[in-house]
Amino acid sequence: MVWERLERHARATADRPIASLFEDGPRARDFSVRAGGMLFDYSRTGIDAQARALLVELAEDAGLAERREAMFSGEKINETEARAVLHTALRNLDGGPVLVDGRDVMGGVRETLARMRAFAEGVRAGEIRPPGGGPFTDVVNIGIGGSHLGPEMACRALAPYADGPRVHFISNVDGADATDVLARLDPRSTLVIVVSKTFTTVETMTNAATARNWLAATVGADRAADYMVAVSSATGRTAQWGIDPARVFGFADWVGGRYSLWGPVGLSLMLAIGADRFEEFLRGGQEMDNHFRTAPWAENMPVMLALVGIWHNQILGHATRAVLPYDQRLARLPAYLQQLEMESNGKRVAMDGHALSRHSGPVVWGEPGTNGQHAFFQLLHQGTRVVPCEFLLAAEGHEPDLAHHHRLLVANCLAQAEALMRGRSLEEARALLAARGLEGEELERQARHREFPGNRPSTMLLYRKLTPHALGRIIALYEHRVFTEGVILGINSFDQWGVELGKELARELEPVVAGDIPPDGRDEATRMALAYLSEE
């Protein structure tokens, strides 16, 4: 079995320094992939030619090619919910028909995109304006999970291209979130977008009701809905809110929340950067789709990114991965990927209903560089656990007058990757301190604190500049990485039953917290917390 052969190979090469692999030829060239102007370098990992061949064999044995085509062709690969998985159709700008239950869905996709374009450009041009006159100067996106993380991440990432109304985000049901956002805005010039496919998501609808009351207090209850837009398929519920059907943008159940930025959920992004740049974003994703569908496995960027993840997590047992964008405007990318990967592949049951025989997805976390260097890099370099790192870096920034900042940023990123791999030996540390005049027991003690074990793996994704097109490629790259890992692990990456139990219990507990019913049947710790919270 390929899994066992990979594990044997990993054990046989466990003591081999990653740096030594560079002695056998042009390793960086041979263990990297180029696609669409991006370069993915995985040469600073322990993967050698034999490991790569076995990992590719693992993907082939899992039926990756067949599952990939099943997804793109509209088969219901989300088997637990009997749904197709077609977020790729939302960016299928130049492709042919996509069938779901024998019906081509592309007509509806194009119609919705055209409606989004007309609305967004109308708002940006001041043709669609508040009833009181003047343009909409601000937009508030209210959603949670994929209805929040994607748009917020993308709006931050593409801030240099934002020439429309200012966009703000409310997601947390904590009243502080809504208060802090709305307090600095004028309701007379604010457009509120409520993003909830069912229009029943508790956190979103609670925040939406608060925003509606905030609008009504200034413009009147009878006019509040004129300042609202819905991204939802529940047209009956949006009508009950009084939202004009022309301002309701729906999407099908074959688009999962964490994969939905490409369609109406991305309306706030389109309002910020404009419809043409939003289309560039879609084309970047489409370009990565085409690469994923056609490139040989070893030259396929999403597949190799996934196989590196499998090597580090399932084969070597590294339970976490750090996403480290050396790009401040990608500050929310780690959180976005946290949901994308952990909600998709955080499973314990295979597609056939049996328990998994090995671990599923890793814990994903991270921060932008260089901030992380002054926070958690100590553990990355000298901690007792190995954390594979994934660096992202642009060749150029958006501030030519601050090019010296970008040079320093690049130097730091490359230095961290090199330091993680190379480390510093005890002998080197001794020599360093001896040159400073230390000697004897003090030199030995201090040298041990300055020893770096090295051999810490990392990858690096390089791109020219963070444009809408580049961001589209990056997001689609990680989507297909998650899909590939899920196929290899034999799990369904497109459901999320793990979030349901907590929601059910919260609904049960709300009247208990309100004091309407007693906490009968709750565990002792819950009862103690309730008692404390009710103390005067």
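Strand E2 (residues 38–41) and strand E13 (residues 458–463) run antiparallel and are joined by 3 bridges. Strands here are DSSP runs marked E of at least two residues, helices are runs marked H or I of at least four, and both are numbered from the N terminus. Two strands count as paired if DSSP finds at least two bridges between them. The bridge partner of Leu-39 is Leu-462 in E13.

Before I go on, a word on the source. This is a predicted model, in which local features need pLDDT of at least 70 and side-chain atom pairs count only at pLDDT 80 or more, while totals for chains, interfaces and linings use all residues. Residues are numbered from 1 along each chain as its sequence is written, and side-chain values use heavy atoms, with hydrogens and water left out.

Back to E13. With strand E12 (residues 389–394), E13 runs parallel, over 6 bridges. Phe-391 stands opposite Met-460 of E13. How many of the residues of E13 are buried? The count is 5 of 6, so the strand is mostly covered. Buried means under 20% relative accessible area, exposed means over 50%, and partly exposed lies in between, using a 1.4 Å probe and protein chains only.

The structure holds 1 cavity of 30 Å³ or more, and the largest cavity has a volume of about 80 Å³. The search runs on a 1 Å grid over the protein atoms alone: a cavity is a set of points where a 1.4 Å probe fits but cannot get out, a pocket is an open set with protein on both sides within 12 Å along at least five of seven lines, and lining residues have an atom within 4 Å of a point. Grid points are joined across faces, edges and corners, and a volume is the space filled by probe spheres set on the points. Of the 14 residues lining the largest cavity, Gly-309, His-312, Arg-321, Pro-388 and Glu-390 are the closest to its centre. Helix H12 (301–315), strand E10 (320–326), E12 and E13 each give two or more residues to that lining, and H12 gives the most, with 4 residues.

The largest pocket has a volume of about 1,200 Å³. It is lined by 42 residues, and the closest to its centre are Thr-201, Gln-496, Val-499, Glu-500 and Lys-503. Helix H19 (500–513) supplies the largest share of this lining, 6 residues. Helix H8 is also among the elements that give two or more.

H8 covers residues 202–219, which makes 18 residues. From first C-alpha to last, H8 reaches 25 Å, close to the 26 Å expected; the expected span is 1.5 Å times one less than the number of residues. Its buried residues include Met-205, Trp-214 and Leu-215. Among the elements that cover the buried residues of H8 are strands E5 (138–142) and E6 (166–170), where contact means heavy atoms within 4.5 Å. Just after H8, Gly-220 takes a positive phi of about 100 degrees.

E5 and E6 belong to an open sheet of 5 strands, in the order E6-E5-E7-E8-E9, with parallel pairing. Why is one side of E6 and of E9 left without a neighbour in the sheet? Both stand at the edges, each with a single partner strand. E7 and E8 pair over 4 bridges, and Val-192 stands opposite Met-228 in E8.

Last, the cysteines. The whole structure has 0 disulfides, a disulfide being a pair of cysteine sulfur atoms within 2.5 Å. For Cys-413, the closest cysteine sulfur is in Cys-389, 10 Å away, so the two are too far apart for a bond. Cys-413 is buried, at a relative accessible area of 0%.
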